[in-house]
Amino acid sequence: MIMMINVEKNSPTPHWQQELRAAFSNIDDLLAYLHLDSADLNLHYLASKDFPLLATKSYVDRIKKSDWADPLLRQILPLADELKKHPEFLNDPVGDSQASIMPGLLHKYHGRVLLVTTGACAIHCRYCFRRAFPYAANSAHRSQITAITNYLRDNPEITEVILSGGDPLTLSDTKFKHLVDALSDIQQVDRIRIHSRIPVVLPSRITDGFLNTLVSSVKKIIMVIHANHPNELNDEVQKGLLKLKQIGVTLLNQTVLLKGVNDDPGTLTRLSHRLFDCHTLPYYLHLLDKVDGAQHFDLNDNTATAIYQQLQTKLPGYLVPKLVREESGKAYKTPIQIQF
Ligand SMILES: *Cc1c(COP(=O)(O)O)cnc(C)c1O
Ligand code: SF4
(Lines give C-alpha, C1' and ligand atoms only; values in the text may rest on other atoms or scores of the structure.)
(Ligands and ions follow the chains in the order given, each with its own letter.)
Protein backbone atom coordinates (compact mmCIF):
# COMPACT_ATOMS: atom_id res chain seq x y z
CA MET A 1 0.00 0.00 0.00
CA ILE A 2 1.14 3.56 -0.65
CA MET A 3 0.58 7.13 0.58
CA MET A 4 1.37 8.11 4.17
CA ILE A 5 -0.65 10.62 6.11
CA ASN A 6 0.83 13.04 8.64
CA VAL A 7 -0.20 12.34 12.21
CA GLU A 8 0.04 14.79 15.08
CA LYS A 9 2.45 13.68 17.78
CA ASN A 10 1.58 13.67 21.48
CA SER A 11 -2.11 14.18 20.83
CA PRO A 12 -4.43 13.84 23.86
CA THR A 13 -6.93 10.97 24.23
CA PRO A 14 -8.25 10.55 20.73
CA HIS A 15 -11.73 11.87 20.09
CA TRP A 16 -13.01 8.41 19.17
CA GLN A 17 -11.91 6.98 22.52
CA GLN A 18 -13.71 9.76 24.34
CA GLU A 19 -16.80 9.01 22.30
CA LEU A 20 -16.51 5.34 23.18
CA ARG A 21 -16.32 6.14 26.89
CA ALA A 22 -19.35 8.41 26.58
CA ALA A 23 -21.48 5.74 24.87
CA PHE A 24 -24.97 5.07 26.21
CA SER A 25 -24.92 2.28 28.77
CA ASN A 26 -27.88 3.26 30.90
CA ILE A 27 -31.40 2.34 29.80
CA ASP A 28 -33.10 5.31 31.47
CA ASP A 29 -30.70 7.75 29.77
CA LEU A 30 -31.27 6.16 26.39
CA LEU A 31 -35.05 6.18 26.67
CA ALA A 32 -35.10 9.78 27.94
CA TYR A 33 -32.84 10.86 25.08
CA LEU A 34 -35.20 9.22 22.59
CA HIS A 35 -38.33 10.66 24.25
CA LEU A 36 -39.58 7.19 25.12
CA ASP A 37 -41.42 6.40 28.31
CA SER A 38 -41.48 2.81 29.50
CA ALA A 39 -43.99 1.68 32.08
CA ASP A 40 -41.88 -1.30 33.11
CA LEU A 41 -38.16 -0.69 33.13
CA ASN A 42 -37.57 -3.74 35.32
CA LEU A 43 -37.84 -6.08 32.37
CA HIS A 44 -35.35 -4.03 30.38
CA TYR A 45 -32.95 -4.13 33.31
CA LEU A 46 -33.36 -7.86 33.76
CA ALA A 47 -32.75 -8.54 30.07
CA SER A 48 -29.54 -6.50 30.15
CA LYS A 49 -28.11 -8.17 33.25
CA ASP A 50 -25.52 -10.39 31.54
CA PHE A 51 -25.16 -8.40 28.31
CA PRO A 52 -25.61 -4.71 29.09
CA LEU A 53 -26.92 -1.99 26.85
CA LEU A 54 -24.19 -0.25 24.87
CA ALA A 55 -24.47 2.16 21.93
CA THR A 56 -22.47 5.15 20.72
CA LYS A 57 -24.18 8.53 20.56
CA SER A 58 -23.31 8.65 16.88
CA TYR A 59 -25.43 5.54 16.33
CA VAL A 60 -28.22 6.63 18.69
CA ASP A 61 -28.52 9.92 16.80
CA ARG A 62 -29.66 7.95 13.75
CA ILE A 63 -32.66 6.57 15.68
CA LYS A 64 -35.99 8.31 15.20
CA LYS A 65 -37.27 9.90 18.42
CA SER A 66 -40.45 8.58 20.09
CA ASP A 67 -40.54 5.43 17.97
CA TRP A 68 -40.34 2.06 19.74
CA ALA A 69 -40.35 0.30 16.38
CA ASP A 70 -37.30 2.09 14.99
CA PRO A 71 -35.13 -0.59 13.31
CA LEU A 72 -31.91 0.79 14.81
CA LEU A 73 -33.35 0.98 18.31
CA ARG A 74 -34.51 -2.63 18.06
CA GLN A 75 -30.92 -3.75 17.52
CA ILE A 76 -29.70 -2.29 20.84
CA LEU A 77 -32.57 -2.14 23.33
CA PRO A 78 -32.70 -5.00 25.87
CA LEU A 79 -36.24 -6.44 25.86
CA ALA A 80 -38.14 -8.84 28.09
CA ASP A 81 -38.32 -11.15 25.05
CA GLU A 82 -34.66 -12.00 25.64
CA LEU A 83 -35.53 -13.84 28.81
CA LYS A 84 -37.56 -16.46 26.96
CA LYS A 85 -35.83 -19.83 26.75
CA HIS A 86 -36.03 -22.16 23.78
CA PRO A 87 -34.31 -25.55 23.45
CA GLU A 88 -32.92 -24.68 20.00
CA PHE A 89 -31.34 -21.41 21.16
CA LEU A 90 -27.91 -22.06 22.68
CA ASN A 91 -24.89 -20.23 24.07
CA ASP A 92 -22.48 -21.39 21.36
CA PRO A 93 -24.71 -21.83 18.30
CA VAL A 94 -21.93 -21.93 15.71
CA GLY A 95 -19.51 -24.38 17.32
CA ASP A 96 -16.76 -21.86 18.07
CA SER A 97 -15.49 -23.92 20.98
CA GLN A 98 -14.78 -26.90 18.67
CA ALA A 99 -12.78 -24.65 16.34
CA SER A 100 -10.64 -23.11 19.06
CA ILE A 101 -6.97 -23.95 18.58
CA MET A 102 -5.68 -21.87 21.47
CA PRO A 103 -6.99 -18.84 23.33
CA GLY A 104 -8.03 -16.26 20.73
CA LEU A 105 -7.47 -18.40 17.61
CA LEU A 106 -10.29 -20.08 15.70
CA HIS A 107 -9.45 -22.30 12.74
CA LYS A 108 -12.64 -23.50 11.14
CA TYR A 109 -12.16 -23.07 7.40
CA HIS A 110 -9.43 -23.97 4.93
CA GLY A 111 -6.78 -21.31 4.36
CA ARG A 112 -7.99 -18.74 6.87
CA VAL A 113 -8.00 -18.29 10.62
CA LEU A 114 -9.88 -15.89 12.84
CA LEU A 115 -8.36 -14.03 15.76
CA VAL A 116 -10.57 -12.98 18.64
CA THR A 117 -8.58 -9.83 19.38
CA THR A 118 -10.74 -8.43 22.18
CA GLY A 119 -14.15 -8.87 23.78
CA ALA A 120 -14.94 -5.17 23.57
CA CYS A 121 -17.34 -3.63 21.06
CA ALA A 122 -18.61 -0.09 20.51
CA ILE A 123 -22.19 -1.34 20.52
CA HIS A 124 -23.95 -4.37 21.94
CA CYS A 125 -26.13 -5.91 19.25
CA ARG A 126 -28.89 -7.86 20.98
CA TYR A 127 -28.76 -10.67 18.39
CA CYS A 128 -24.97 -11.15 18.68
CA PHE A 129 -24.00 -14.82 18.39
CA ARG A 130 -20.98 -14.18 20.60
CA ARG A 131 -23.06 -12.54 23.34
CA ALA A 132 -22.12 -15.42 25.63
CA PHE A 133 -18.61 -16.03 24.27
CA PRO A 134 -16.08 -16.55 27.08
CA TYR A 135 -13.86 -13.67 26.01
CA ALA A 136 -11.80 -13.26 29.14
CA ALA A 137 -10.15 -16.66 28.69
CA ASN A 138 -10.24 -16.66 24.90
CA SER A 139 -8.82 -13.47 23.47
CA ALA A 140 -5.52 -13.20 21.62
CA HIS A 141 -3.49 -11.18 24.07
CA ARG A 142 -0.18 -9.70 23.09
CA SER A 143 1.71 -12.51 24.81
CA GLN A 144 0.08 -15.08 22.53
CA ILE A 145 1.23 -13.56 19.26
CA THR A 146 4.27 -15.84 19.13
CA ALA A 147 2.18 -18.97 19.67
CA ILE A 148 -0.19 -17.81 16.95
CA THR A 149 2.55 -17.07 14.44
CA ASN A 150 4.07 -20.49 15.21
CA TYR A 151 0.73 -22.10 14.44
CA LEU A 152 0.61 -20.26 11.11
CA ARG A 153 4.10 -21.45 10.22
CA ASP A 154 3.04 -25.03 10.98
CA ASN A 155 0.06 -24.59 8.65
CA PRO A 156 1.47 -22.94 5.53
CA GLU A 157 -1.84 -23.25 3.65
CA ILE A 158 -3.21 -20.42 5.83
CA THR A 159 -2.90 -17.27 3.74
CA GLU A 160 -5.53 -15.06 5.33
CA VAL A 161 -5.88 -13.84 8.90
CA ILE A 162 -9.15 -12.34 10.07
CA LEU A 163 -9.08 -9.86 12.93
CA SER A 164 -12.37 -10.17 14.75
CA GLY A 165 -13.69 -10.04 18.29
CA GLY A 166 -15.51 -8.28 19.81
CA ASP A 167 -14.44 -5.46 17.59
CA PRO A 168 -10.73 -5.16 16.69
CA LEU A 169 -11.08 -1.41 16.11
CA THR A 170 -11.74 -0.86 19.83
CA LEU A 171 -8.01 -1.62 20.31
CA SER A 172 -5.82 1.43 20.74
CA ASP A 173 -3.80 2.55 17.72
CA THR A 174 -0.67 1.15 19.36
CA LYS A 175 -2.13 -2.30 19.99
CA PHE A 176 -3.79 -2.47 16.61
CA LYS A 177 -0.57 -1.50 14.86
CA HIS A 178 1.39 -4.08 16.82
CA LEU A 179 -0.97 -6.78 15.60
CA VAL A 180 -0.99 -5.68 11.97
CA ASP A 181 2.80 -5.30 11.97
CA ALA A 182 3.29 -8.77 13.46
CA LEU A 183 1.05 -10.32 10.81
CA SER A 184 2.63 -8.28 8.03
CA ASP A 185 5.98 -9.86 8.91
CA ILE A 186 4.69 -13.35 8.12
CA GLN A 187 5.45 -14.14 4.53
CA GLN A 188 2.76 -16.76 3.93
CA VAL A 189 -0.01 -14.29 4.87
CA ASP A 190 -1.39 -12.65 1.72
CA ARG A 191 -4.42 -10.94 3.19
CA ILE A 192 -5.38 -9.35 6.48
CA ARG A 193 -9.12 -9.11 6.89
CA ILE A 194 -10.74 -6.90 9.51
CA HIS A 195 -14.27 -7.67 10.70
CA SER A 196 -15.63 -4.54 12.36
CA ARG A 197 -18.89 -2.75 13.02
CA ILE A 198 -17.00 0.40 14.06
CA PRO A 199 -16.83 2.15 10.66
CA VAL A 200 -20.65 2.15 10.95
CA VAL A 201 -21.22 2.88 14.65
CA LEU A 202 -18.16 5.02 15.48
CA PRO A 203 -16.95 6.57 12.21
CA SER A 204 -14.56 8.95 14.02
CA ARG A 205 -12.36 5.87 14.63
CA ILE A 206 -11.13 6.08 11.03
CA THR A 207 -8.30 8.44 11.99
CA ASP A 208 -5.20 9.29 10.00
CA GLY A 209 -3.15 7.21 12.44
CA PHE A 210 -5.34 4.19 11.81
CA LEU A 211 -5.19 4.70 8.04
CA ASN A 212 -1.40 4.93 8.27
CA THR A 213 -1.21 1.55 9.98
CA LEU A 214 -3.09 -0.02 7.09
CA VAL A 215 -1.11 1.90 4.47
CA SER A 216 2.19 0.78 5.93
CA SER A 217 1.30 -2.92 5.67
CA VAL A 218 2.57 -4.79 2.64
CA LYS A 219 -0.47 -7.09 2.77
CA LYS A 220 -3.78 -6.73 1.00
CA ILE A 221 -6.34 -5.36 3.43
CA ILE A 222 -10.00 -6.29 3.40
CA MET A 223 -12.53 -4.73 5.73
CA VAL A 224 -15.85 -6.44 6.28
CA ILE A 225 -18.20 -3.97 7.92
CA HIS A 226 -21.57 -4.83 9.45
CA ALA A 227 -24.69 -2.81 8.67
CA ASN A 228 -28.23 -4.15 8.81
CA HIS A 229 -30.31 -1.17 7.74
CA PRO A 230 -29.78 1.75 5.32
CA ASN A 231 -30.45 4.28 8.13
CA GLU A 232 -27.17 3.19 9.70
CA LEU A 233 -25.17 4.58 6.78
CA ASN A 234 -25.13 8.36 7.25
CA ASP A 235 -22.81 10.87 5.58
CA GLU A 236 -20.10 10.56 8.22
CA VAL A 237 -19.99 6.79 7.77
CA GLN A 238 -19.78 7.31 4.02
CA LYS A 239 -16.81 9.70 4.43
CA GLY A 240 -14.90 7.21 6.60
CA LEU A 241 -15.47 4.43 4.10
CA LEU A 242 -14.31 6.68 1.26
CA LYS A 243 -11.02 7.21 3.12
CA LEU A 244 -10.57 3.45 3.43
CA LYS A 245 -11.33 2.96 -0.24
CA GLN A 246 -8.85 5.68 -1.19
CA ILE A 247 -5.99 3.84 0.47
CA GLY A 248 -6.93 0.66 -1.38
CA VAL A 249 -8.91 -1.31 1.21
CA THR A 250 -11.45 -3.75 -0.25
CA LEU A 251 -14.78 -3.00 1.45
CA LEU A 252 -17.47 -5.63 2.00
CA ASN A 253 -20.54 -5.74 4.24
CA GLN A 254 -22.29 -8.44 6.19
CA THR A 255 -25.87 -8.21 7.36
CA VAL A 256 -27.94 -10.35 9.69
CA LEU A 257 -31.53 -10.93 8.58
CA LEU A 258 -33.55 -9.77 11.60
CA LYS A 259 -37.27 -9.76 12.26
CA GLY A 260 -38.50 -6.22 12.88
CA VAL A 261 -35.27 -4.68 11.55
CA ASN A 262 -34.71 -5.54 7.90
CA ASP A 263 -37.09 -8.40 7.08
CA ASP A 264 -38.47 -6.99 3.88
CA PRO A 265 -37.05 -6.87 0.35
CA GLY A 266 -37.51 -3.09 0.06
CA THR A 267 -35.28 -2.34 3.08
CA LEU A 268 -32.62 -4.79 1.93
CA THR A 269 -32.70 -3.33 -1.58
CA ARG A 270 -32.16 0.16 -0.19
CA LEU A 271 -29.38 -1.18 2.00
CA SER A 272 -27.51 -2.61 -0.99
CA HIS A 273 -27.87 0.66 -2.95
CA ARG A 274 -26.71 2.69 0.01
CA LEU A 275 -23.75 0.38 0.57
CA PHE A 276 -22.70 0.89 -3.02
CA ASP A 277 -22.91 4.68 -2.49
CA CYS A 278 -20.56 4.01 0.45
CA HIS A 279 -18.05 2.16 -1.77
CA THR A 280 -18.93 -1.18 -0.19
CA LEU A 281 -20.24 -4.40 -1.74
CA PRO A 282 -22.76 -6.67 0.00
CA TYR A 283 -21.05 -9.94 1.01
CA TYR A 284 -23.17 -12.12 3.31
CA LEU A 285 -26.78 -12.00 4.42
CA HIS A 286 -26.73 -14.26 7.48
CA LEU A 287 -29.66 -16.16 8.87
CA LEU A 288 -29.76 -15.51 12.58
CA ASP A 289 -27.50 -17.74 14.66
CA LYS A 290 -29.70 -19.38 17.24
CA VAL A 291 -28.17 -17.82 20.32
CA ASP A 292 -29.97 -17.81 23.65
CA GLY A 293 -31.84 -14.51 24.08
CA ALA A 294 -32.29 -13.68 20.37
CA GLN A 295 -35.38 -15.72 19.60
CA HIS A 296 -37.53 -12.66 18.92
CA PHE A 297 -35.33 -11.76 15.90
CA ASP A 298 -35.78 -15.17 14.28
CA LEU A 299 -37.50 -15.76 10.93
CA ASN A 300 -38.35 -19.21 9.69
CA ASP A 301 -36.55 -20.50 6.59
CA ASN A 302 -39.59 -20.12 4.33
CA THR A 303 -40.01 -16.46 5.22
CA ALA A 304 -36.28 -15.82 4.84
CA THR A 305 -36.06 -17.45 1.43
CA ALA A 306 -39.20 -15.66 0.21
CA ILE A 307 -37.62 -12.31 1.16
CA TYR A 308 -34.37 -13.31 -0.52
CA GLN A 309 -36.09 -14.35 -3.70
CA GLN A 310 -37.83 -10.98 -3.91
CA LEU A 311 -34.51 -9.26 -3.28
CA GLN A 312 -32.95 -11.07 -6.23
CA THR A 313 -35.63 -9.69 -8.54
CA LYS A 314 -34.78 -6.11 -7.55
CA LEU A 315 -30.99 -5.88 -7.69
CA PRO A 316 -28.13 -6.33 -10.13
CA GLY A 317 -26.27 -9.53 -9.30
CA TYR A 318 -23.28 -7.73 -7.81
CA LEU A 319 -25.50 -6.07 -5.19
CA VAL A 320 -27.11 -9.32 -4.00
CA PRO A 321 -25.47 -10.66 -0.82
CA LYS A 322 -25.12 -14.44 -0.40
CA LEU A 323 -27.78 -15.86 1.91
CA VAL A 324 -25.97 -18.18 4.33
CA ARG A 325 -26.26 -19.97 7.61
CA GLU A 326 -23.38 -20.93 9.84
CA GLU A 327 -23.50 -24.54 10.94
CA SER A 328 -21.14 -26.19 13.42
CA GLY A 329 -18.67 -28.52 11.79
CA LYS A 330 -19.27 -27.39 8.15
CA ALA A 331 -16.37 -26.44 5.88
CA TYR A 332 -17.92 -23.12 4.83
CA LYS A 333 -20.92 -20.93 5.60
CA THR A 334 -23.80 -22.90 4.14
CA PRO A 335 -25.69 -21.26 1.26
CA ILE A 336 -29.47 -21.51 1.67
CA GLN A 337 -31.21 -23.37 -1.15
CA ILE A 338 -34.29 -21.71 -2.57
CA GLN A 339 -37.13 -24.23 -3.05
CA PHE A 340 -39.41 -23.76 -6.03
C1 LIG B 1 -17.05 -16.66 9.24
C2 LIG B 1 -15.75 -17.17 9.63
C3 LIG B 1 -14.65 -17.08 8.77
C4 LIG B 1 -14.74 -16.40 7.43
O5 LIG B 1 -15.47 -17.11 6.50
P6 LIG B 1 -15.55 -16.56 5.02
O7 LIG B 1 -16.53 -17.45 4.34
O8 LIG B 1 -14.18 -16.64 4.45
O9 LIG B 1 -16.01 -15.15 5.10
C10 LIG B 1 -13.44 -17.62 9.18
N11 LIG B 1 -13.31 -18.23 10.37
C12 LIG B 1 -14.35 -18.34 11.22
C13 LIG B 1 -14.13 -19.03 12.52
C14 LIG B 1 -15.60 -17.81 10.89
O15 LIG B 1 -16.61 -17.89 11.76
S1 SF4 C 1 -20.40 -5.42 17.10
FE2 SF4 C 1 -20.33 -7.55 16.38
S3 SF4 C 1 -19.35 -8.72 18.04
FE4 SF4 C 1 -20.00 -6.74 18.90
S5 SF4 C 1 -22.05 -7.11 19.74
FE6 SF4 C 1 -22.36 -6.37 17.65
S7 SF4 C 1 -22.48 -8.26 16.40
FE8 SF4 C 1 -21.56 -8.83 18.40
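This is a predicted model: local features need pLDDT of at least 70, side-chain atom pairs count only at pLDDT 80 or more; totals for chains, interfaces and linings use all residues.
User: Which residues surround ligand 1?

Analyst: The surrounding residues are Leu106, Lys108, Tyr109, Arg112, Leu114, Ile162, Arg193, Tyr283, Tyr284, Glu326 and Lys333. By class, six of the shell residues are nonpolar and five are charged, with no polar ones.

User: And which strands supply at least two residues of that shell?

Analyst: These are β2 (105-109), β3 (112-116) and β8 (281-286). The largest share comes from β2, which gives three residues.

User: How far is an oxygen atom of ligand 1 from an N or O atom in the side chain of arginine 112?

Analyst: The distance is 2.6 Å for arginine 112. For the side chain of arginine 193, an oxygen atom of the ligand lies 2.7 Å from an N or O atom, and the value for tyrosine 283 is 2.7 Å.

User: How much of ligand 1 does the protein bury?

Analyst: The protein buries 94% of the 390 Å² that ligand 1 exposes when taken alone. The space that ligand 1 takes is the largest pocket.

User: Changing topic: how many cavities of 30 Å³ or more are there?

Analyst: There is one. The largest cavity has a volume of about 60 Å³.

User: What lines the largest cavity?

Analyst: Its lining includes Asn253, Thr255, Leu268, Ser272, Pro282, Tyr284 and Pro321. Two or more lining residues come from each of β7 (250-256), α12 (265-277) and β8.

User: Which element gives the most to that lining?

Analyst: That is α12, with four residues.

User: What about the classes in the lining of the largest cavity?

Analyst: Eight residues are nonpolar and three are polar, and none is charged.

Methods. Residues are numbered from 1 along each chain as its sequence is written. Chains are lettered from A and ligands numbered from 1 in the order in which they are written. Side-chain values use heavy atoms; hydrogens and water are left out. A residue is near a molecule or strand if one of its heavy atoms lies within 4 Å of it. A polar contact is a pair of N or O atoms within 3.5 Å; within protein, one must be able to donate a hydrogen and the other to accept it, and residues adjacent in sequence count only if both atoms are side-chain atoms. Accessible areas come from the Shrake-Rupley method with a 1.4 Å probe; for residues, only the protein chains shown count as cover. On a 1 Å grid over the protein atoms alone, a cavity is a set of points where a 1.4 Å probe fits but cannot get out, and a pocket is an open set with protein on both sides within 12 Å along at least five of seven lines; lining residues have an atom within 4 Å of a point. A molecule sits in a cavity or pocket if more than half of its atoms lie within 2 Å of its grid points. Ala, Val, Leu, Ile, Met, Phe, Trp, Tyr, Cys and Pro count as nonpolar, Asp, Glu, Lys and Arg as charged, and the others, Gly among them, as polar. Grid points are joined across faces, edges and corners, and a volume is the space filled by probe spheres set on the points.
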